[in-house]
Amino acid sequence: MGIRKEIEIDGKMVAFKASAAIPRIYRLKFQRDIYKDLAALEKSIGDGDAKASNLDMFSLEMFENIAFIMAKHADPTIPDTPEEWLDQFNTFSIYQILPQLIELWGLNVKTDVEAKKNFAQQSVK
């Protein structure tokens, strides 16, 4: 299950997937909380203006790790480390990709909430 989205990176279409498994996979791989990291990145990136953002190297690494986990979740055949995965691209902009990943995650969370509401309504009957 989960929600998939293809995003163009460096001229290539790359599949990303968000599901309820992502927080666990991210926590096991990086020992970090994806909810906190996404919130920090969203705050740091601001309105998407590179000059006005507060991104540092640690923020960039968090972004790369989140993108890697969502890409690996969509396509298990990609390399097993973020470094190997990133090596297939020349460059890409966090300001173009991160908002799309945040949107994908938001759609996943919204879908989970709606499903729980529907289940609660059905179980009352």
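This is a predicted model: local features need pLDDT of at least 70, side-chain atom pairs count only at pLDDT 80 or more; totals for chains, interfaces and linings use all residues.
Residues are numbered from 1 along each chain as its sequence is written, and side-chain values use heavy atoms, with hydrogens and water left out.

Let's start with strand S1 (residues 3-9), which pairs with S2 in the antiparallel sense over 7 bridges. Helices (H or I, at least four residues) and strands (E, at least two) are DSSP runs, numbered from the N terminus, and two strands pair if DSSP finds at least two bridges between them.

Next comes the loop between strand S2 (12-18) and helix H1 (22-30), which is where Ser-19 sits. Ser-19 is buried, with a relative accessible area of 9%; buried means under 20%, exposed over 50%, partly exposed in between (1.4 Å probe, protein chains only). Leaving aside residues up to four places away in sequence, Ser-19 touches Met-1, Gly-2, His-73, Trp-105 and Asn-108, where contact means heavy atoms within 4.5 Å.

On to H1, whose buried residues are Ile-22, Pro-23, Tyr-26 and Phe-30. They cover an arc of only 100° around the axis, so they lie on the same side of H1; that arc is taken from the directions from the helix axis to the C-beta atoms. Arg-24 and Leu-28 are exposed, on the face of H1 turned away from its buried side. After H1 comes Gln-31, with a positive phi near 55°.
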